[in-house]
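Please look first at the sequence and the structure shown below.

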Amino acid sequence: MPAMLEVKALRHRFGTGPGAHTAVEDLSFTVEAGELACLVGHSGCGKSTLLRCVAGLTRPTGGTIRLHGTEVDGVPPELAVVFQDYGRSLFPWLTVAGNVEFPLRSAGLDRRERASRARQALDWVGLADAHRRFPWQLSGGMQQRVAIARALASRPALLLMDEPFASVDAQTRFELEDLLRRVRREQDTTILLVTHDIDESVYLGDRVLVLSSSPASIVADLTVDLPAERDQITTRESAEFVALRGEVARLLRHRAVVGEAS
Ligand SMILES: Nc1ncnc2c1ncn2[C@@H]1O[C@H](COP(=O)(O)OP(=O)(O)OP(=O)(O)O)[C@@H](O)[C@H]1O
């Protein structure tokens, strides 16, 4: 059976000639159904480019991306994306429920089914009571929960997340990380999340894929051997967490030094 997601020898180069920039080079990995895989890399290493290629938003200049064995060519309908900038990703003139329902219209769902899915997804993220409010009436963390609900409402086979918690304060970030782990467990969602935050990648992930500095390629694929039930204080204090965080930091530092020297 093919992997849920298979990325093989991916390459992406922006432009041509002397000004060209290779953002992703010979990058391969797979994600199995039900996994939460985190890609961690330095700022500017090519994380967003990689995610945009997987989402079908950018056509890579080389390699292949397969979802359930079918080559990605354009935006696959069974995929949803959550970006960092929740403020710009929600429509201010639509209510919370309207925002969550919006993509379900293009999927052809009737009104009753759209409303039911939106209610359910808002319930998953703890915003059932906020369905009539507008995004600008919500805190940043709540807006990002709406964006997550919108992505989940379409019941995607694969949820892609690009630095989804980078724009919220530390406490809200912890709450959203726990929410994501809970929702993912309850809904059995497959998630590929990119972050520059080492601690976040270890806390959230079942696997951490470490990226080299630009151009991005995979330098390590680490299994996170932490309990499924995690806690922001005790898990982060555990010996296993500290050891894995150190390993990822060393890999990132080593690759940055090697990258600068070459
Ligand atoms: N449209 C573009 N044209 C040319 N170069 C680009 C373009 N988009 C990105 N790049 C370059 O490709 C490299 C990777 O960019 P990308 O946004 O994928 O990195 P990133 O790891 O997501 O960065 P950050 O963590 O800062 O968001 C960067 O050097 C960037 O300047």
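Arg52 has its place in helix α1; helices (H or I, at least four residues) and strands (E, at least two) are DSSP runs, numbered from the N terminus. The structure is a predicted model, in which local features need pLDDT of at least 70 and side-chain atom pairs count only at pLDDT 80 or more, while totals for chains, interfaces and linings use all residues. Residues are numbered from 1 along each chain as its sequence is written.

Is Arg52 buried or exposed, or does it fall in between? A residue is called buried if 20 or more other C-beta atoms lie within 10 Å of its own, exposed if 12 or fewer do, and partly exposed in between, with C-beta atoms placed from the backbone. Arg52 is partly exposed, because 19 other C-beta atoms lie within 10 Å. Two residues are in contact if their C-beta atoms, placed from the backbone, lie within 7 Å. Not counting residues up to four places away in sequence, Arg52 touches Leu57 and Thr58. Arg52 and Val81 are 29 residues apart along the chain, and their C-alpha atoms are separated by 9.3 Å.

The buried residues in α1 are Lys47, Thr49, Leu50, Leu51, Cys53 and Val54. Just after α1, Gly56 takes a positive phi of about 80 degrees.

A residue is near a molecule if its C-beta atom, placed from the backbone, lies within 6 Å of it. There are 13 residues around the ligand, and Phe14, Ser43, Lys47, Ser48 and Thr49 come nearest. The elements that give two or more residues to this shell are β2 (21-31) and α1 (47-54). The largest share, three residues, comes from α1. By type, the shell holds three nonpolar residues, nine polar ones and one charged. In this grouping Ala, Val, Leu, Ile, Met, Phe, Trp, Tyr, Cys and Pro count as nonpolar, Asp, Glu, Lys and Arg as charged, and the others, Gly among them, as polar.

A nonpolar core is a set of buried Ala, Val, Leu, Ile, Met, Phe, Trp, Tyr and Cys residues joined through C-beta atoms within 7 Å. The largest such core has 68 residues, and those with the most contacts inside it are Val54, Val100, Ala149, Leu160 and Leu192. Helix α5 gives the most to this core, with seven residues. Val54 touches Leu5, Val7, Ile65, Leu160 and Leu192, again leaving out residues up to four places away in sequence.

How many residues does helix α5 have? Helix α5 (residues 140-153) has 14 residues and reaches 20 Å from its first C-alpha to its last. That is close to the expected 20 Å at 1.5 Å a residue, where the expected span is 1.5 Å times one less than the number of residues. Of the 14 residues of α5, 11 are buried, so the helix is largely enclosed by the rest of the structure. Among these buried residues are Gln143, Arg145, Ala149 and Leu152. Their cover includes β6 (79-82), α2 (86-89), α3 (96-106), α4 (111-124), β7 (158-162) and α6 (170-187).

Helix α6 contains Glu177. Glu177 counts as partly exposed, because it has 19 C-beta neighbours inside 10 Å. Leaving aside neighbours within four places in sequence, Glu177 is in contact with Phe165, Glu200, Tyr203 and Leu204.

Some details of the backbone remain. Most residues other than glycine have a negative phi, and most peptide bonds are trans. Glu163, in the loop between β7 and α6, has a positive phi near 45 degrees. With 20 C-beta neighbours inside 10 Å, Glu163 counts as buried. Asp188, in the loop between α6 and β8 (190-195), has a positive phi of about 55 degrees. Asp188 counts as exposed, because it has 9 C-beta neighbours inside 10 Å. The peptide bond from Ser214 to Pro215 is cis, with omega near -5 degrees, and Pro215 is found in the loop between β9 (207-211) and β10 (218-223).
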